[in-house]
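This report goes through the contacts, the overall dimensions and the pockets of the protein shown below.

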Amino acid sequence: MNPDSPAEIRALLEERGLALKKRWGQNFLVNRGARERLVSILGPGRRDTVWEIGPGLGAMTAALAAAAGRVLAFEVDRGLCRYLEESLAGLSNVTLVPGDFLQTWREARESYGPPHLVLGNLPYRSASLMIGDMIEAGLRPARMVITVQRELADRMSSLPGVKSYSSFSVLCQACFRVTGRGDLQPGSFYPAPDVVSSIVEMTPLPDAPAAGELAALSGIARTLFASRRKTIRNNARDPALQEALRREGVDPGLRAEQVPPSVYVRIARVIARGSSSGGALPGETPGSPGRAGTSADDNSR
């Protein structure tokens, strides 16, 4: 099967009785140059374990297997998994992980260790959930290269003061250097989506927040972005958060979108030090973690 040919892909799907599901964002990358560029940006080596999220029909999996030490391919579609089991059977360093990535990646990490590199053509509907889940759980591969809807890519790299800047921007930029590596037009995919996709490269920052600080960061960002039109003074009701803002010299008359990620990190570190007694972090009730990447209020998806 030629992975560059929509006609051959369509024929294969019909032959195997496979129907693509919109909710899973199944759009196969049929642009050979784009696939080669993604693998080149990722730069896998023989000692690397690579996670591929959404291998689809395996167009990039074989290239990854040829360059990397081990490849874990996460695929949600059981029908595609059956095809991949057959087509990748000769590749001894490829392990197929069936099921929803959000439900399977932690067990995969326990079984095979954390990835050195992550490559993913992420479904538009759940891309922010996947990215946020990995970041908040402390996953720090040396490089992640992902394709996402251009609007989400803009939010990931957005600067303070811009409408697209959100709590998700804060989360991504607090932990990773986020770099746009170009767009992919709808014709690069089959079926062609209705939106333009972007390639995003993420490399971890050396001074990224630690685990306890990440929990505080999520709660703070969610709290301050809860009502975008309100000032920090009106959103920050928690006394501990108010004190942390005062100590860090943050003007309470600003809005959340005017504060850079580095300041959110400083505030989170103050809060994390003060919460060691077991009190709830800002933006959450005791025992329930904040999720800056998935809040419905900050328009981050």
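## Contacts and burial

Of the contacts (heavy atoms within 4.5 Å) in the protein with a separation of 6 or more, 68% are between residues 24 or more positions apart. Buried residues, meaning those under 20% relative accessible area with a 1.4 Å probe and protein chains only, make up 50% of the 301 residues.

The model is predicted, and local features need pLDDT of at least 70, side-chain atom pairs count only at pLDDT 80 or more, while totals for chains, interfaces and linings use all residues. Residues are numbered from 1 along each chain as its sequence is written, and side-chain values use heavy atoms, with hydrogens and water left out.

## Overall dimensions

The C-alpha trace spans about 60 × 40 × 30 Å along its principal axes.

The largest pocket holds about 510 Å³ of space; a pocket here is an open set of points on a 1 Å grid, where a 1.4 Å probe fits, with protein on both sides within 12 Å along at least five of seven lines, and lining residues have an atom within 4 Å of a point. Its lining comprises 34 residues, with W24, G54, E75, N121 and P123 the closest to the centre.

The second largest pocket has a volume of about 290 Å³ and is lined by 13 residues, among them K22, N27, Y124, P193 and D194, which lie nearest its centre.

Conventions:
Grid points are joined across faces, edges and corners, and a volume is the space filled by probe spheres set on the points.
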